[in-house]
Amino acid sequence: MNVAVIQFPGSNCDGDALHAARLTLDPDAQFVWHTDDGLPSGTDLVFLPGGFSYGDHLRSGAVAARSPIMNAVKAHAERGGYVLGVCNGFQVLTESGLLPGALSRNTDLHFLCRPVHLRVETADTAFTGAYTAGQIIEIPIAHGEGNYYADPETVARLEGDGRVVFRYVDNPNGSLNDIAGILSERGNVLGMMPHPERAVEALLGNEDGRGLFESLKGVLVK
Amino acid sequence: MSPEPTNTHQATVFQAKVFVTLKPSILDPQGRTVERALAHLGQQASGVRVGKLIELQLEGERGEVETRLQDMAVNVLSNPVMEDVRWELEEAPVQGVAQAVAGA
């Protein structure tokens with residue numbers, strides 16, 4: 001299995017993303033620079049990491065979503081390839097149109113950096129097969145703009161299609177319907193504000209995020 | 001070979017102002033904070049919303065510049081999911097700018 005971690009100027013969870021990917025999925029996972037116009041051949045999973053790409057200028061994720069590598073990421077997603085966007089990566093996915101909605105300022109305007117509880121809403125996805133539906137997991141958040149918004153029709157469609165994958169138990173940021181993570185229509189693109197890659201080792205005090213990577217492993221290694 | 005006339009379609013420099021505001025349906029926590037701060041100062045104001053002004057200069061013929069500006073405003077400078085956008089386009093006061101620079 002081949003994992004590519006995209007690096008934008010201002011990404012700061014790229015190292016964590018690469019470490020988690022190497023630990024759980026692909027010992028040879030590699031970085032791909034944002035100005036590249038292609039992904040390494042055979043890429044199975046694109047990981048868009050957290051951070052402040054392009055200094056969050058204009059809107060968080062807006063400039064990164066229009067960088068050269070994103071054309072290749074879109075083509076990869078259109079082919080059915082897996083894409084995981086965490087935190088700023090989620091913002092990049094909504095800005096690029098790969099996921100619906102947008103992420104706006106947390107309602108209390110604070111940058112929130114702490115562990116939160118999430119409910120895994122469905123185990124019937126490539127990203128959550130190793131969990132059970134309804135399971136509560138603890139995953140860290142670290143964001144100032146994680147307040148998920150979409151028009152009512154879009155939210156209803158996400159809910160109706162079972163594409164709300166993770167929900168906050170105690171909503172920290174004002175997200176509609178306590179949404180923490182959503183899936184694309186085809187189920188191959190996941191965006192989430194919490195950081196599963198920061199919770200993959202007992203050494204770091206939390207392994208609750210590991211299930212997400214184990215789920216992908218189950219799907220990708222056949 | 002006689003030289004082509006070069007000034008029949010002379011490009012004009014335009015000054016554009018793009019105003020980006022959160023849609024009315026979107027909660028603006030920043031505006032609410034400003035509103036409360038104003039109230040603390042004894043300045044009563046309601047409906048405070050914080051938006052963005054983006055200024056840019058564009059060169060070309062008016063019709064073509066308007067098309068480009070609309071494309072930029074709608075597809076890059078604003079996010080239609082949560083923001084409204086409008087813009088103004090005026091011929092840039094080139095003379096004035098030159099004088100200002102000269103006088104600086």
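By a nonpolar core I mean a set of buried Ala, Val, Leu, Ile, Met, Phe, Trp, Tyr and Cys residues that are joined through C-beta atoms within 7 Å. With that term in place, I turn to the structure above, which is a predicted model.

The largest nonpolar core has 65 residues. Within this core, the residues that touch the most other members are V5(A), A21(A), F47(A) and V83(A). Let me take V83(A) in more detail. Which residues does V83(A) touch, if those up to four places away in sequence are not counted? They are V46(A), L48(A), V73(A), H76(A), A77(A), L98(A), N188(A) and V189(A). Another core lies apart from the largest one and consists of five residues, including F14(B), A16(B), V18(B) and L69(B).

I now move to the strands of chain A. Strand β9 of chain A spans residues 164-168 and is mostly covered, with four of its five residues buried. β9(A) has an antiparallel pairing, over three bridges, with strand β6 of chain A, residues 112-120. There, F166(A) in β9(A) is the bridge partner of V120(A). β9(A) also pairs with strand β10 of chain A, residues 179-183, again in the antiparallel sense and over three bridges. In this pairing, I182(A) of β10(A) stands opposite V164(A).

Finally, the two chains. How many residues of chain A are in contact with chain B? Eleven residues of chain A are, and they meet nine residues of chain B. On the side of chain A that touches chain B, four residues are nonpolar, three are polar and four are charged.

Note on methods: Residues numbered from 1 in each chain as written. Chains lettered and ligands numbered in written order. Predicted model: local features only at pLDDT ≥ 70, side-chain atom pairs only at ≥ 80, totals over all residues. Contact = placed C-beta atoms within 7 Å. Nonpolar A, V, L, I, M, F, W, Y, C, P; charged D, E, K, R; others polar. Buried ≥ 20, exposed ≤ 12 C-beta atoms within 10 Å, placed from the backbone. Helix = DSSP H or I, 4+ residues; strand = E, 2+ residues; numbered from the N terminus. Pairing = 2+ DSSP bridges.
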